[in-house]
Amino acid sequence: MARFIVGLGLWLSAVIVLIAQPAKPSNTDLIFARAVQFHQAGDLENAIKEYQAFLAERPDRSDARSNLGAVLARLGRYQGAIEQYNRALLLDGNNPGIRFNLAVAYYKSARVVSASKELEKVIALQPENPNATLLLADCYLQMGEYQKIIALLSPYEARYSDNKALAYLLGTALLRDKQVEKGQQQIEKIMRGGDSAEVRMLLGTTHLMSADYAKAAQEFAVAAQLNPKLPTVHSYYGRALSLTGNTDQAKEEFRLELENNPNDFDANLQIGVILKQDQNPDEALKYFQRALLVRPGEPNVRFYIESVRVGQGKVAEALPELERLVKDAPDFVEAHVMLATVYYRLKRKADGDREQSIVNKLNAERQAKQPGAQEKP
Amino acid sequence: MKLLSLVIITIISIAVSGQTRVTYEEVALQASGISWVHDNGRSDTRHLPETCGGGGLFFDYNNDGWIDIYFVNGGPSDFYLPKTPSKNALYRNNGDGTFTDVADKAGVACGQMGQFGMGAAAADFDGDGWQDLYVTNYGQNVLFRNKGDGTFADVTEQAGVGAPNWTTCATWFDYDNDGKLDLFASSFVQYSAKGSIFCGDNRMGKRYYCIPRVFKPRPSFLFHNEGNGKFTDVSKSSGIANSLGKSFGAVATDINNDGLMDLFVANDTVANFLFVNKGGGKFEEIGLPAGVAYSDSGSPRSGMGVDAADFDGDGWQDLFVANIDQELFSLYRNEKDLTFSDQPGEIAQATRLLSGWGLKFFDYDNDGDVDLFLANGHPDDMVETQVSKVKYAEPLLLFENNNGKFKNISAQSGDVFAKDFPARGMSVGDYDNDGDLDLLVINNGAAPLLLKNNGGNKNNWVGLQLVATKSNPGAVGAIITWTANSVKRQRLKTSGGSFLASHDPREILGLGPASKLDSLEIKWPSGKVDKLTNVPINSYVKIVEGEGTAKSVAGTAKK
C-alpha cells in the first residue's frame, strides 16, 4: 500500500516540476518543451535525448535534470536517475520534490538506508508530507527500526485515524517491537473495514511474536492469498513456515517475496540461512550480500557471511571482518565463537584463548539471567 | 523383445536385491517374554527428568554366552510417586529367543526413593570376570557388583560413586592405563521439584517441558578406580569439573592416536566438550579449538546422543553428535591435528526435523565398515501443537557407509523404519548369537523395541571376546586390525556412545564375502600385541591377552 502511494507521489511530483517551469521563447526552450512532450507521451528514449540536449545548453536548470532523472527512473535506470537528482539538488537543494524522487530512486535500487536519509530531509522541509512520512516508515520497517516508526507515525495517529496504511505500518512496528497490546489496537482499527490482507498480516505477526508459529503461518497464508503483493507478506509467511519446520515451503515463500521485492531483508537473510544449512554456501552468500546491501553494517548478516567463509576454509579472509564485528557488537557471542575458531585455525592460540574466555564470560552472564539461576545444588 | 529384456532384467535385479538386503525385524515382545514398559512419570507439571529416560543395555550378566537385557525405569523421586512399583528389569536370555525377568532375584530392580532412573553402563570394574552394573538416576546413582551367582550387591557407598542430583550417561574406560576401569558420569542440569520453573502457555494453562537453557549447568564426574572396590573422585584434579555442562551422551575414544582415551561429551544448550587426555591424570577441554563445541554458526545446540568411530578408514577416530530438530546433526571428520570438520552429507537433510538420542556406528551388514543407526524422538510431547512439521514420535534411521559417505537406507531396511517412536536409549548387541548386530531401543513412556537383524550374517564374520590379563577388563582402547581378501581394516574398541546405554562388549568383525581371515592383530591397551592366524570364521572366539590364540566359544551362526 505504501509503495502505491509512493509511486503516485513520484509521478505527481515529476509532473508538478514540469508544469511549474514557465516556457521561454528560445530554441533551447523549444528543446525543453519537446522533451516534456515526449515525456508526457511516454516516449522516454526521445525524452532523454531532448533533456540531455537541453542540459548541454542549460546545465543550470534543476527542473530539467529532475525530469531527466524521472524518465530514467521510469525506465528502471535508477543509478542514472540518482545521479541526475543529486546534480539537480546541487542547484536547488531545498526542493522537496526532487529530494523525494531521489529517495524513491534509492528505495527502488535497494539502498533503503540512503532513501531514509533523503526522506528525513524531505520531512524536515515538509513536516506534513504524508507520502514521505509513509515511505520513510516503510524504509524503517525494512531496516528493522521499529521504534523510529512508532516515533514517526504516532503523532499522526489521531489525525489520520481512518488511514489504513498508517495503521498497518504503526501496528506492524508496535507488534515487532513487542508492544502487543498497542499493536492490537491498530489491528482492530483496520478490522473495522472488514477482512483484508493487512489485517491477516498483523494477526499473523501477533501470533509470531507470541511464538505460536502454526497459527501465524495460517494467518500469513490467508494474507498472501488476499494480496500476494503486500510487502513482506511472503517473507513473514516464510519465516513462520520455517519455524514450524516446513523449510521447503518457507524457501518458496522467500523466493516469492524476492520476486515482489528483491531487497526484502528478511527474505534474503532467511533464504541464505536455509541454503547454508543445505550445504550450498555459494548461493547462501549471494543472498546474505544482498541483505547487507539493504541493511549495511547489520551484525547478523556480516556474521553469516563470515561464517560461510570459515566453512569454506577461507579463515584468513574472514578474520578482519570478524575482528571488526566483535568491536562493533562486543556482546555477540556467536561472533566471538567464530573469531576464536578462526584464531585457532590460524594457529594463533593466545588470541583464540582470549576470545574463548570472552565467550565463556558472555555465556556465564547469559546463564545467570536464566530463571533457574538461583537453584541451589 | 525389448520388453522381454526389461522384464528379465527387473526379475534379476529383484532377485539379487532380495538376496543381499539386510533388514531389521521387530521382535514380538509378548512372545519373547518381555513385558517391561518404561514409566516416565509424566505429570501436568512437566518435570524435565520425565522426558529424558529411559535407558537400557545388552550385557551378559551370568556368563552363559547369551546376551541379556537390562532396562532402566522411572521411579520414586521428589516429583513422582508411582502408584504401582516402578522397577528396572533384568531379562535373562534363555537362548531360545525368550527372556525371563530376574531383576528382583538379582537385586537390581531399584525402585527406591531417589532412583528415578536414566540409564546404565555395564563393565567388569573389579576384574573378577563378571559384568557389573552402574545405574544412573535423577537422585543418586547405584553401582551393583556382580557376585557371580546370579545376584548383585549394591556397593555404591563403599565405592563412593553415588554422584548425586542428576546424571544421565555413564562410560567405563581406563584413562590412566593402569589396567582398571575408571568411570565417567555425565551431569545434567541442577534440578529439583522445589525449584521447578513454569515453562509454557499461561493463556492455555499448559506447561511444556522447559528447555534446559533455563537451568544451571553442573560439572560431570570422573572416578578413578583404586582397585580395592573403591573409587576416588578425581573430577576436580583431572580438570573435568572445570567445565560446567548439561551433559548427556559420552563416548571414550582416542582422537589423537596417543594411546590415551579421550572423552567426547554432548551438552544440551551449552557447548559440547572434547576432553583430550594429556596423561598424568589430566584432561584439557578443547571443544572449541577442535570445532566440535558449537554449530557452524557459532551457537550451542541441544546435543544428546554421541558416538565415535573411524568411518572413513583413515586410521583416525571421527565423531557424531545428534541434536534437537532444526539444529542438524553433525558428522565430524577427524582432520588429524586435533580439529574436526563437520561433513554430515545426506544425514543433514534426513535429520533436519528430528531429535536424536540413541545412536551408534556399527557394521550392520558385516561388510567391514561401520554404518550408522539413529533412534529419534522429540522431548516435548506437545511439540506438534507448536511446530506442525515436527512430531513427538519420530522414525528410526539407518545409514549405510558407502566408501565414507552415508546413504539413508531406512526405507529398504524393514517395516519398523516406517513407524514412529519416542526413542531415547539404544544399545547394540548380538542377542541371538547369529553373528550380526541386533538393536535394543528404549522408548520414553512406552514399551521398548527389540530389533532382530535379518541377513547381516550373510556376509562372513568373526566375533571376538577379548579377555584382558594386564589391560583393563573391558579391553577398552584395544586396536583390532584384520585383513580379509587383502582388505585391511582397523577398529578401536571405544566405550559408551549412544544414549543411556552400553553395548555388547564383544566385537564382530565383518569380512564381506571373504571365506577366511588372512590375519588378525590385537594391540592391547597395555601395549602387548597378539597376532593370530587360522582364526575360525562365522563363530565367536575368545582371545586372551598375551596368549596369541583364538579359542571358539558358544554361538556359531548357521548361514
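**Exercise 1.** Find which residue just after α12(A) takes a positive phi.

*Solution.* Ala211(A) does, with a phi of about 65 degrees. The model is predicted: local features need pLDDT of at least 70, side-chain atom pairs count only at pLDDT 80 or more, and totals for chains, interfaces and linings use all residues. Residues are numbered from 1 along each chain as its sequence is written, and chains are lettered from A and ligands numbered from 1 in the order in which they are written.

**Exercise 2.** State how α12(A) compares with its expected span, and how many of its residues are buried.

*Solution.* Step one: α12(A) covers residues 197-209. Helices are DSSP runs (H or I, at least four residues), numbered from the N terminus. Step two: from first C-alpha to last, the helix reaches 18 Å, close to the expected 18 Å (1.5 Å times one less than the number of residues). Step three: 10 of the 13 residues are buried (20 or more other C-beta atoms within 10 Å of a residue's own, placed from the backbone). Among them are Met201(A), Leu202(A) and Leu208(A). Step four: the cover includes α10, α11, α13 and α14 of chain A.

**Exercise 3.** Describe how α15(A) packs on α16(A).

*Solution.* Step one: the angle is about 145 degrees and the axes lie 9 Å apart (lines fitted to C-alpha atoms over the stretch in contact; angles run from 0 to 180 degrees between N-to-C directions). Step two: contacts (C-beta atoms, placed from the backbone, within 7 Å) include Phe254(A) of α15(A) and Ile271(A) of α16(A).

How values were computed. Helices (H or I, at least four residues) and strands (E, at least two) are DSSP runs, numbered from the N terminus. A residue is buried if 20 or more other C-beta atoms lie within 10 Å of its own, exposed if 12 or fewer, and partly exposed in between; C-beta atoms are placed from the backbone. Two residues are in contact if their C-beta atoms, placed from the backbone, lie within 7 Å.
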